[in-house]
Amino acid sequence: MSTLNALISLNSMDAKIFKNQDLSLIDLPDYQKIQTQFIHQNYIKILRLQTVFLILPILIFIFCSFYFQFGIPQLFWFIFIPIVILIISIWFIEIEFGYKKRTYGLRDHDIYFSKGFFVHKETVLPFKRIQHVEVIQGIFLRWQNLYAIKLYTAGASSGDLSIYGLDKNTASKIKAYVMQQNSDLNDESTS
């Protein structure tokens, strides 16, 4: 009986403490009111080159099939070639038009990144969730002297947000800003 009374008193305390009020959508802040910047213009060359490297094995397969006459039925080619052309066309459209949608921006408490033409994705990552920041330069980025910044949060091994196509100065400044904001947030929470 005393357990039942304790549960009833806890429920009545929770009802007094917990509030879940309705919010008007008009009163919510607009996350898109942020000054964004485009990634470096040379990054599109890297996207195009990566696409060529992905398409090359398919073209080699098609060439070898015709040259060495693997005996693949004609019906296969009537289906395979149009599908390959369609996928390559969609891929190139995504690169050419999606490139213009790659923007990033910084605010006091978060970082914003958007990308994609067919599937547009916008990411807002609060600084307080960021555990680790990396500035990297792979082989394709090195070709154009560009960098990428990867922001990691707890529990993610591949990075929660990666922004490719930044010059070294911009990538370093973003890293320093994120680290400073994260440090300031940690200092506020401990005091």
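Visitor: Is Asp110 buried or exposed, and what is its relative accessible area?

Guide: This is a predicted model, where local features need pLDDT of at least 70, side-chain atom pairs count only at pLDDT 80 or more, and totals for chains, interfaces and linings use all residues. Residues are numbered from 1 along each chain as its sequence is written, and side-chain values use heavy atoms, leaving out hydrogens and water.

Asp110 is buried, at 12% relative accessible area. Buried means under 20%, exposed means over 50%, and partly exposed lies in between (1.4 Å probe, protein chains only). Asp110 forms a salt bridge with Arg107. That term needs a side-chain nitrogen of Lys or Arg within 4 Å of a carboxyl oxygen of Asp or Glu. Here the closest N and O atoms are 2.8 Å apart. Arg107 is partly exposed, at 23%.

The count comes to two salt bridges. The other pair is Glu96 and Arg48, with closest N and O atoms 2.8 Å apart. This pair links distant parts of the chain, 48 residues apart. Glu96 sits in helix α3 (residues 74-98), and Arg48 in helix α2. Helices (H or I, at least four residues) and strands (E, at least two) are DSSP runs, numbered from the N terminus. Glu96 is partly exposed, at 26% relative accessibility. Arg48 is partly exposed too, with 34%.
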